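Here is a colleague's note for someone meeting this structure for the first time. Please read the points below with the sequence and the model side by side.

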Amino acid sequence: MTDNRFFNRSEFIGILVLAVFLVVVLPLTLDVFRLNLVAKYLTYAFVALGLVICWGYGGILSLGQGVFFGLGGYCMAMFLKLEASSVENTKIQSTPGIPDFMDWNQITALPLFWKPFSSLTFTIAAIILVPGIFALIIGTAMFKRRVGGTYFAIITQAVAAILTILIVGQQGYTGGINGMTDLRTLKGWDIRPDHAKIVLYFFEVGLLFACIMIAQFVRHSKLGRILVAMREKEDRVRFSGYSVANFKIFAFCIAAVFAAIGGAMFALNVGFMSPSFVGIVPSIEMVIYTAVGGRLSILGAVYGTLLVNFAKTSLSETFPELWLFGLGGLFIAVVLAFPNGLAGIWGDYVQPRIDRLITSRKPKPDGWTDSSVADGAPAE
Amino acid sequence: MFGDYSLGDLGSIFVMQGFAGLILFSVYVLMALGLAIIFGQMGVINMAHGEFMILGAYVTWMTSNFFQSYLPGLFSGYFFLAMILAFVASGALGMLVEWVLIRHLYKRPLDTLLATWGLSLMLQQAYRSVFGAREVGVELPQWMLGSLHVTDSIEVPINGVFVMCLTVLITIGVAYVMYKSRWGRQVRAVVQNRIMAGAVGINTEKVDRYTFGLGCGIAGVAGSAFTMIGSTGPTSGQLYIVDTFLVVVFGGAASLIGTIASAFSISQTQSTLEFFMSGSMAKVLTLLAVVGILMLRPQGLFALKVRK
C-alpha cells in the first residue's frame with residue numbers, strides 16, 4: 001500500500017516523522033516568536049529542496065538560488081506593499097497611494113511594472129512564472145551550449161551579483177538596500193498578529209510537503225533516474241538519445257520555482273524583503289544547507305536547513321565572533337569528511353542498526369534508497 | 001548620454017577614465033593571473049582568492065606602518081619591500097591551504113568551491129579578530145602622489161602608471177616561468193596528463209603545491225596594488241571575487257593573453273561608463289555585457305582548441 005510513485009516504505013516513515021515533527025511537536029513546544037523563526041528557516045528549506053534535485057540529482061551546482069528566492073519574495077512583497085500603501089494609509093506623502101520609498105525618491109506615479117501587482121491572482125502567477133521563465137532563459141542559454149559545472153556556477157553567481165547591485169541601485173523602484181518594509185495585510189487580512197503567524201506557519205508547512213511530494217515524484221520517476229545517469233556520465237546519456245540539455249533545464253527550473261515559493265513565503269512570514277537575501281553570500285549559504293543535510297536527501301535538506309539556522313541563531317546570539325569560524329569550519333568538514341551530509345551519516349551508521357533491530361528475522365532488499373544512489377563519487 | 005560633450009571633450013574623457021581605470025585593470029590582471037593559474041591549470045575554484053589578496057593588502061599596510069614608525073627615511077621605498085612580503089605571505093598561506101585542504105579535493109572541482117568558500121569565511125573572521133572590523137588605508141610615499149600633465153585636459157596619475165608597469169613586469173615574469181622554465185613545463189605536463197607526468201618522474205604533488213602557492217602569491221601582490229584604490233577591510237576581497245572569476249572565464253581559462261585582454265576590456269568599460277552614470281549602474285551594465293557575451297560564446301574570448 002505504501003509503495004507507490006511517490007515513496008517507498010522507509011521514505012513514507014521518514015516523511016511521516018517529519019510531518020509529526022513540524023505539525024505537532026514544534027507548534028506545541030515553541031512560543032509564537034520561535035515558531036515564526038522556524039517558519040523563516042523553512043522558507044530556506046524550499047530552496048534547499050530545489051537544490052537537492054538540481055545539484056544532488058542533476059549535478060548542476062547553482063550559486064544563484066538567491067536570485068529566484070528574491071524574485072519570488074519581491075513579487076509577493078510588491079503585492080503586499082501596494083496593499084499597505086493605500087491612499088488613506090499614505091495621505092501624509094506628497095503623492096498618496098504609492099509606496100513610501102517611491103515618495104522619498106521623488107517618484108510621483110506608480111511605475112508601469114508595478115501596476116499588475118495590485119492583483120493577487122497575477123502576483124501568484126508571477127511568483128511561479130517570473131523565476132521559472134528567468135531560469136528557463138538562463139538554462140537554455142547555458143545548457144544548450146553545453147556549459148556546465150564550474151562555469152555555470154560562476155555565471156549564476158554573476159547573475160546574483162548583478163541583481164543585487166540593480167536592486168540596491170534602483171532605490172526608487174525597489175526600496176534599495178532597506179528593501180520593502182512595513183508589509184501589513186493580505187487581501188485585508190492582517191499578517192502581523194500572532195494568530196496570523198500560526199496560520200501562515202501551517203500553510204507554509206503544507207506547501208513544503210507539496211513540494212516534497214513533487215520532489216519525491218521526480219526522484220522516483222524515470223526523469224529522476226535520467227538525472228542521476230546524466231550526473232554520472234553525461235556523454236553516455238547523450239549517446240543514448242536523450243536531450244541532456246532539456247533535462248538540465250527542467251531540473252534548474254524546478255529548483256528556481258521552489259526557491260521562489262520559499263521567497264514568497266518569506267515575505268509573508270517575516271513581513272519584509274530586502275536585497276540581503278538575494279546576493280552571493282545568501283545564495284552560497286543556501287547551498288550549505290543542502291550540503292549539510294545531504295545533497296541526495298530530500299528530507300535531509302529540511303533537517304539541514306533547520307539545523308544550520310538554529311546553530312546560526314544561537315551561536316550568533318551568544319558568540320558572534322565564533323559564528324563565521326563555525327560556519328566556515330562546518331562547510332570544510334562537510335565537504336571533506338561527509339560529502340553526503342546528515343543523510344549520509346544516517347544512512348551509513350544509524351539506519352543499518354535500526355534495520356537490524358526491526359527486520360532481524362526477515363531480511364529483504366530495499367531497492368531504491370538513498371544509500372544506493374549515494375554509492376560512488378558525489379556529483380562531478 | 002554622449003550628446004552633451006564635444007568630440008574633443010569625449011576624447012579627453014576616454015583617455016582620463018582609461019588611465020583612471022589602469023589601477024583597476026592592474027588589480028584585475030594580477031588577481032585573474034593567480035586565479036587563471038589555479039583555475040585554468042589546476043581546475044580548482046578558489047573562492048578564497050579575494051582573502052589571499054586582502055592578506056597582501058594587510059601586509060602592505062603593516063609594512064607601511066612599520067616604515068613610518070621605525071624607518072621614516074626609507075619610507076619612499078617601502079612599497080617594493082611590501083610587495084615582496086605580500087607575495088611571500090600569501091604564497092606561504094596558499095601552500096599551507098593546498099596541503100591541508102585542496103589536495104584532497106582535486107577530483108571534485110565543485111567541492112573545492114564549497115570548501116574554499118568555508119575557508120574564506122574563516123579568513124574573514126580571522127582578519128576581523130586580528131586587524132579589527134574598521135577599514136584601514138595605506139599612506140602612499142610622496143613620489144607616487146600627484147599626476148603627470150600630458151595636455152591641458154589630460155592628466156595621468158603616477159601611481160596608476162607605476163602599478164601598470166609593475167603588472168606588465170609580473171605578467172611577463174609569469175609567462176616566462178610558465179612557458180620557458182623547466183618548472184613551467186612540469187606544471188603544464190601535470191595539467192595535461194597527471195598520470196603520465198608522474199610516470200616520467202615529475203613530483204606532481206610538489207608541482208601542485210607550488211602552483212597553488214604561486215597563484216596565491218600573485219593575489220597577494222594584487223592586494224598591494226589594491227591598497228591604492230580602496231581601503232582594506234575584512235570583507236573587501238569578497239567584492240572582487242566574482243569580477244575576477246568573470247575575467248578569467250571571459251578571457252577563456254588557460255589562456256594568458258585572454259586573461260589580460262578580458263581584464264583590460266572589463267576594467268576599461270567599467271571605468272569609462274562610471275563617468276556617464278552611477279557606479280552601480282556602470283557595474284551592472286559591464287557585468288550584463290560580460291554574461292551576455294559568455295552566453296553567446298561560452299568558451300571565452302581566446303579559447304584553446306582542444307578535444308575533451
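1. Of the 380 residues of chain A, 46% count as buried. The model is a predicted one, and every value in this note should be read with that in mind.

2. As to overall form, a compact globule of 380 residues would have a radius of gyration near 21 Å, and chain A, with 22 Å, agrees with that expectation. The C-alpha trace of chain A spans about 75 × 50 × 45 Å along its principal axes. Chain A is built with 16 helices and two strands. When contacts in chain A between residues at least 6 apart in sequence are considered, 79% of them join residues at least 24 apart.

3. The contact between the chains draws on 37 residues from chain A and 33 residues from chain B. On the side of chain A that touches chain B, at least two residues each are supplied by α5 (120-143), α6 (149-169), α12 (280-293) and α14 (323-337) of chain A. The largest share of that side comes from α6(A), which gives 15 residues. Sorted by class, the side of chain A that touches chain B holds 28 nonpolar, six polar and three charged residues.

4. In chain B, is A57(B) buried or exposed? A57(B) counts as buried because 29 other C-beta atoms lie within 10 Å, where 20 or more are needed for that label. A57(B) sits in helix α2 (residues 49-70) of chain B, and, leaving aside its neighbours within four places in sequence, A57(B) is in contact with G223(B), S224(B), F226(B), T227(B) and T232(B). A57(B) and G237(B) are 180 residues apart in sequence, while their C-alpha atoms are 9.7 Å apart in space.

5. Two residues of chain A deserve a look at their backbone angles. Q106(A), found in the loop between α4 (100-104) and α5 of chain A, has a phi near 60°, a positive value in a residue other than glycine. Q106(A) counts as exposed, because it has 9 C-beta neighbours inside 10 Å and the label applies at 12 or fewer.

6. With 15 other C-beta atoms within 10 Å, D182(A) is partly exposed.

Definitions and conventions: Residues are numbered from 1 along each chain as its sequence is written. Chains are lettered from A and ligands numbered from 1 in the order in which they are written. This is a predicted model: local features need pLDDT of at least 70, side-chain atom pairs count only at pLDDT 80 or more; totals for chains, interfaces and linings use all residues. Two residues are in contact if their C-beta atoms, placed from the backbone, lie within 7 Å. Helices (H or I, at least four residues) and strands (E, at least two) are DSSP runs, numbered from the N terminus. Ala, Val, Leu, Ile, Met, Phe, Trp, Tyr, Cys and Pro count as nonpolar, Asp, Glu, Lys and Arg as charged, and the others, Gly among them, as polar. The radius of gyration is taken over C-alpha atoms; the globule rule is 2.2 Å times the number of residues to the power 0.38.
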